[in-house]
Amino acid sequence: MALRTIRVEGDPILRKECRPVKEMNERTHILINDMFDTMYEADGVGLAGPQVGILKRLCVIDCGDDPLVLINPEIVSVEGEQIGQEGCLSVPGKYGIVKRPAKVTVRALNEDMEEYEVTGEGLLARALCHEIGHLDGQMYVDLVIGELHSYDEEMESEEIEEMSE
Ligand code: ZN
């Protein structure tokens with residue numbers, strides 16, 4: 001298990017556009033494993049390349065069902081909308097209200113560079129949009145409706161875990 005340092009808001013790397021992954025190699029396999037370790041250690045549900053200082057179009061997500069590796073992901077369709085709380089491991093201690101599609105279908109490559117599609121609703125739809133945003137240098141704080149809030153100390157820790165991406 002190897003943990004990577006999570007970059008935080010203010011680090012210019014979070015605002016850069018990532019380059020597509022052209023081939024899978026040992027280095028990228030290790031990166032993916034490290035990203036899962038780092039995400040789980042931080043109690044997050046998603047983590048994107050730039051958050052660990054790597055400008056590759058690559059992210060990992062685990063909303064509690066299946067762990068997903070998304071390489072060169074593209075949103076192919078969106079449906080409806082949801083308005084809810086969102087947080088980010090790169091903006092620790094904060095959350096905000098963000099409007100996202102209710103349902104999202106994404107086409108990506110898996111860790112074997114095989115194409116697949118995943119459709120997510122609710123938290124997964126939110127996580128897919130959030131992580132793909134990171135690959136284009138977008139931070140959720142740009143999309144927040146109203147103010148960015150600090151976590152209330154009385155808030156259940158479980159709730160916090162669900163929101164960090
Ligand atoms: Zn994030």
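Q: What puts Phe-36 and Tyr-40 about one helical turn apart?
A: They sit 4 residues apart in helix α1 (residues 26–41), so about one helical turn separates them. Helices here are DSSP runs of H or I with at least four residues, strands are runs of E with at least two, and both are numbered from the N terminus. Keep in mind that this is a predicted model: local features need pLDDT of at least 70, side-chain atom pairs count only at pLDDT 80 or more, and totals for chains, interfaces and linings use all residues. Residues are numbered from 1 along each chain as its sequence is written, and side-chain values use heavy atoms, leaving out hydrogens and water.

Q: How many aromatic pairs turn up, and what makes Phe-36 and Tyr-40 a stacked one?
A: Searching the whole structure gives 2 aromatic pairs. For Phe-36 and Tyr-40, the ring centres are 5.9 Å apart and the planes are at 20°, so the pair is stacked. The rule: rings of Phe, Tyr and Trp (its six-membered ring) pair if their centres lie within 6.5 Å, with planes under 30 degrees apart stacked, over 60 edge-to-face and the rest tilted.

Q: Why is Phe-36 called buried?
A: Its relative accessible area is 11%, and buried means under 20% (exposed is over 50%, partly exposed in between; 1.4 Å probe, protein chains only). Tyr-40, at 38%, counts as partly exposed.

Q: How do you know that the span of helix α2 agrees with its residue count?
A: The expected span is 1.5 Å times one less than the number of residues. For the 13 residues of α2 (residues 123–135) that should be 18 Å, and the end C-alpha atoms are 19 Å apart, which agrees.

Q: What makes α2 mostly covered?
A: 12 of its 13 residues are buried, including Leu-124, Cys-129 and His-134.

Q: How do you know that β6 pairs with β3 and β7?
A: Pairing takes at least two DSSP bridges between two strands. β6 has 6 bridges to β3 (residues 68–79), running antiparallel, and 7 to β7 (residues 115–121), also antiparallel, so both pass the cut-off.
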